[in-house]
Amino acid sequence: MEAVDVILRDGATLRLRPPHADDATALLDFFATLSRRSLYLRFHGFPSLGPQLVDQLLDPDWDERGALVGTFADDGRERVVAVANYVRLRDQATAEAAFAVADEYQRRGIGTRLVEQLARLASARGVERLIAEVLADNRDMLGVFEALGFELARELQGGEVEIAFPIAPTERYAARVAERDHIAVTASLRPFFEPRAVAVIGASRRHGSIGGELFRNIIDGDFDGAAYPVNRDGVPVAGVHGYRAIGEVPDDVDLAVVCLPADAVLEAVDEALQAGIRAIVVISAGFAETGSAGIERQDELLSLVRAHGARLVGPNCLGIAVAGKRLNATFASRSAPPGNIGFSSQSGALGLALLEAAVTRGLGLSSFVSIGNKADVSTNDLLEWWEDEAATEAILLYVESFGNPRRFGQLARRVARRKPILALKSGTSTSGQRAASSHTAALAGSDAAVNALFHQAGVIRADSLEELIDVAALISNRSRLSGRSVAVLTNAGGLGILCADACEAAGLELPVLGEATVAALRAELPTEASVANPVDMLGSATADTYALALTQLLADPVVSAVIALFVPAVSATAADVAAALERSALQGDDKPVLAVVMSAEGVPTPLRTSRRVAAFAYPESAAKALGRVAERATWLRRPLGTAPRLDDIQRREAEDLVARTLDVADDHWLDPAATRLLLQAYGVPLVQERLADDVDDAVAAAQDLGYPAVVKTAAPGVHKTEVGGIALDLADEASVREAVARIGPPVVVQPMLRGGAELHAGVLQDPVFGTLVAFGPGGVFAELIGEAGFLIAPLTDVDAEELVTGGKAGRLVAGFRGAPAADAAALVDLVHRLGRLGEDLPAVAELDLNPILAFPDGCVVVDARVRIAHPASQARLKSW
C-alpha cells in the first residue's frame with residue numbers, strides 16, 4: 001500500500017505507511033523510548049528489545065500479517081511515533097490486532113486513526129473481524145476500541161479483556177469516522193481562518209509585485225493581528241519592518257503566505273515549517289499545472305508539508321480572505337464587502353471575476369479561499385470548516401475537478417441540510433464525452449455524473465457565472481422558500497407576462513390568490529388594475545402602492561415568494577419603490593422577495609445594500625434563480641433515506657467469474673452464459689432462455705420453452721437490432737429454422753413475452769465518480785428518446801424510488817395512456833441490485849439491461865450486455 005496522511009483531532013497530520021526492512025532501527029528506537037508502563041501495557045510484560053521484536057512487523061504481506069507505522073518529521077528526519085499490526089489466526093476470517101503510541105503523542109487520536117486504517121486494509125484482504133487482548137487496567141486502549149464505532153464483544157479472562165468486533169463498515173461506524181474527520185479537519189484549518197500573526201514570504205517593497213501588493217492588502221484591510229514581511233534584503237514594506245528569514249520574526253506566526261518563484265518555494269516552506277508554522281498558502285505558480293516537472297515539484301511540496309503535520313492551500317492560487325479577522329491575504333485589486341457567504345474557487349481568475357461581481361451586486365463574503373491546484377486543502381475541507389462557522393450562512397463553490405467526489409457527496413449532503421450550497425462546475429461540453437459502446441454510456445453525457453452528484457447532495461447548480469451571482473444574491477438574504485408558488489407584482493402588464501412565462505419554464509407556479517388577498521388588493525388598486533396573478537397595478541402605481549400590495553401578497557398563505565417588477569414612470573422613482581419594497585419585506589415574514597427594477601441607473605441603492613430583497617436585472621434572471629432555490633427546497637423535504645439490506649447476493653461467485661474473465665482478456669464482453677451467471681448472482685430477474693449451438697438445438701429449445709419464440713445471436717456485446725441478430729414472434733419450427741439460418745449459430749432462444757412497459761437500466765463505471773446507475777425508457781429507441789436518469793451508487797431507498805418514478809420512465813411505470821401501472825417496487829429493487837453490483841465489482845465497466853419488461857406484478861430482463869475491463873487507475877484519494 002501507499003502511504004496515507006490522516007488528520008488528528010488537534011489538526012496535525014500524521015503519515016501512516018507500512019514499515020520496511022530499513023525501518024528496523026527506527027522501530028527498536030520507538031519501543032526503547034516507551035515508558036515502562038506503556039511497554040508493559042502493549043506486551044503484557046517486558047520483552048527483549050532485539051531484532052526479533054520488530055522482524056514480524058517489517059514488510060507486511062497483508063494476507064497473513066499487516067502493520068502500519070505513524071510518522072512525524074523531527075529535526076529533518078522521519079520519526080516513528082506509533083505502530084499497529086495484525087496477525088491472521090487459524091480462523092482465516094479473524095486477525096489479532098495491537099498498537100502502541102509514543103507517550104508524548106498519546107491522547108491525540110493517533111491510536112484511533114491507526115486502527116481505522118488497519119481495519120480497512122485487513123477487510124480488503126478478507127479479514128472479517130479483529131480481536132485484541134487488552135489488560136483490564138489499560139483504560140486508554142479500551143477507550144480507543146470503544147470509540148471506533150464498531151460493535152464490540154468483551155470477555156474478561158483473568159486480568160485481560162478480549163475484545164472482538166466485525167470490521168465491515170456500518171452506518172454507526174461511518175458516522176463516528178465522519179465525526180472524527182470533522183473535528184480534525186476543522187482544527188487543522190483554524191490557523192488559516194483565525195490567525196493571530198501572518199508572514200508574507202516574498203513581500204517586496206516594489207509596487208506591482210504579487211508579494212508586495214498582497215502584503216499591502218493585509219495592511220490596508222486593517223488585519224486584526226500582526227503582519228510581517230519577509231524578503232531577501234529584510235527591507236520594510238508598507239512601513240512595516242522587514243525580515244530576511246522567517247526564523248527572525250519575533251512572534252509565533254500562525255499563517256505563512258509564500259509569493260516566490262517556484263524553484264524557491266520548497267526551501268522557503270521548509271524554513272516556515274521548521275519555525276513551527278502549520279498553515280501555508282503558496283501563491284506561486286509553476287507546479288502541477290505546468291506538466292510533469294511541476295507535478296513532481298508539487299508532490300515534493302505536499303510531502304514536505306505533510307511530514308511536518310501542517311496544511312497547505314494552493315499552490316497556484318489567489319490567496320485567502322477572512323472577513324471576521326479583516327484579513328485580505330490576496331492580490332485582488334479590491335476585496336468583497338463582509339457578509340455571510342463562504343466562497344471557494346479553484347480558479348484564481350474566476351475568483352477575481354466573482355469578487356468584482358460581488359462588489360457590484362453588494363454581495364458580502366464571510367471568507368474567500370482560492371484553492372488553486374488543491375494539492376492539500378480542498379473544497380471538501382472547506383465544507384467541514386463552513387459547516388459550523390456561524391459567520392457563514394451560505395456556501396459558494398467554483399469547481400473544475402473533483403479529487404474525492406464520494407467524500408464531497410457525503411459532506412455536501414450533510415452540510416446542505418443546514419446551509420445552502422451553490423456550485424458552478426466547468427468542463428461540461430460534450431466534446432469531453434467518451435466514445436460510447438453501450439446505451440448506458442451513450443446516454444451518460446459528460447455531465448451526467450456531476451448532475452447526479454449535486455442532485456443527490458442537495459447542491460444548487462448554476463449553469464453560468466451570471467446565474468451563480470443571481471442565485472447567490474437570493475440565498476444570502478436570509479429568506480426561506482417553502483414551495484414553488486410565486487406571486488408576480490408589476491406596473492407593466494407585458495413585463496408581468498414575460499415573468500410568468502419565465503416562472504413556468506423554471507418549474508415555478510403562479511397560484512390563484514386567496515379571496516382575502518384579492519379583496520384587499522381591489523380596495524387599494526384602481527378599478528382597471530388586474531388582481532389576478534400576475535398583479536398588474538398599472539403605470540400609475542406609486543411607491544406606497546407597491547408597499548401595500550407586497551404586504552398583502554406576502555400575507556397570502558398560498559404564496560411562497562414574490563417577484564416585484566418596476567418600470568420607471570412619472571408616478572414613482574426607482575429609489576422610492578426600492579425603499580418601499582425593502583420596508584414591506586422587513587415587516588413581513590421570511591418569504592423571498594425578488595425585485596426587478598428596469599432603470600438606466602441600475603440597481604437602486606436601497607436594494608444594493610438590502611439584506612432582505614434580492615435585486616435582478618431581468619425577470620428571466622429572477623425566475624431562474626428562484627427556480628434553483630426551489631429545487632433545494634424540494635430536496636430539503638425529501639426523507640434522508642437508507643440503503644436497503646440485500647442478503648441474497650452471491651458476491652464471491654460473481655467476483656470469481658470476473659477474475660476468470662480478466663485472466664483471459666483485459667477488456668471483454670461477456671457471452672450470454674457468463675452474463676446470465678453474473679446477473680443471477682445479484683438476483684436480477686431474467687427471462688428463461690437456452691443456448692443453442694445449431695438449428696436442431698434451437699428447435700428443441702423453442703419447443704421446450706413454448707411458442708411463440710425469440711431467436712437472438714449469442715455473439716458477445718453486439719447491438720442485436722443493428723446487426724440483424726434478432727428474430728421475434730416465431731410461431732413454429734420452420735420459422736425458428738429460418739431465423740437460425742439467417743442469424744447464424746450459436747443463438748439464444750427465449751419465449752416471446754408480450755405486454756409490459758419497455759424500460760432500460762444499466763451501470764457505468766466513471767473513472768472519477770465511481771458507479772453510475774441508469775434508468776430510463778427502453779427498447780430500440782432508448783437513445784433517441786433519451787432522458788435516462790443517472791444517480792451515483794450507493795443508492796438510498798429514496799434515491800432509487802426517485803430514479804424509477806421520475807422523468808419519462810416514471811410516466812411509463814405509472815401507466816402511460818391507459819396502460820396498467822408497472823410494479824414500481826420490483827423496479828426499485830432491481831435498481832438497488834444494479835447499484836450494489838457496480839459497487840462490488842468495479843471491473844464491470846458497462847452493463848446494459850435493455851429492454852426490461854415491467855408488468856403489474858414484477859419485471860423481467862429480456863436482453864443484457866456486460867463488458868468487463870480492469871478498473872481505471874485511480875489517483876490516490878486523501879484519507880479525509
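**Close-up 1. Helix 11 beside helix 12.** In this predicted model, the axes of helix 11 (379-388) and helix 12 (residues 405-415) come within 10 Å and cross at roughly 20°. Axes here are lines fitted to C-alpha atoms, for helices over the stretch in contact, with angles running from 0 to 180 degrees between N-to-C directions. That angle makes helix 11 roughly parallel to helix 12 (angles under 35 degrees count as roughly parallel, over 145 as roughly antiparallel, 65 to 115 as roughly perpendicular and the rest as oblique). On the helix 11 side, the contact is made by Thr379, Asn380, Leu383, Glu384 and Glu387, and on the helix 12 side by Arg407, Phe408, Leu411, Ala412, Arg414 and Val415; contact means heavy atoms within 4.5 Å. Helices and strands are DSSP runs numbered from the N terminus (H or I, at least four residues, for helices; E, at least two, for strands). Residues are numbered from 1 along each chain as its sequence is written. As the model is predicted, local features need pLDDT of at least 70 and side-chain atom pairs count only at pLDDT 80 or more, totals for chains, interfaces and linings use all residues, and side-chain values use heavy atoms, with hydrogens and water left out.

**Close-up 2. The buried side of helix 12.** Pro405, Arg407, Phe408, Gly409, Leu411, Ala412 and Val415 are the buried residues of helix 12 (buried is under 20% relative accessible area, exposed over 50%, partly exposed in between, with a 1.4 Å probe and protein chains only). Among the elements they pack against are helix 6 (171-193), strand 18 (394-399) and helix 14 (448-457).

**Close-up 3. Helix 22 and helix 23.** Here the axes of helix 22 (residues 651-664) and helix 23 (residues 672-681) come within 8 Å and cross at roughly 150°. So helix 22 is roughly antiparallel to helix 23. Ala654, Leu657 and Val658 of helix 22 meet Ala674, Leu677, Leu678 and Ala681 of helix 23 in this contact.

**Close-up 4. Arginine 461 and its polar contacts.** Look in strand 20 (residues 460-462) for arginine 461, which is buried, at a relative accessible area of 10%. Its side chain makes a polar contact of 2.8 Å with the side chain of aspartate 447, and the side chain of asparagine 451 also makes one with arginine 461 (2.8 Å). A polar contact is a pair of N or O atoms within 3.5 Å; within protein, one must be able to donate a hydrogen and the other to accept it, and residues adjacent in sequence count only if both atoms are side-chain atoms.
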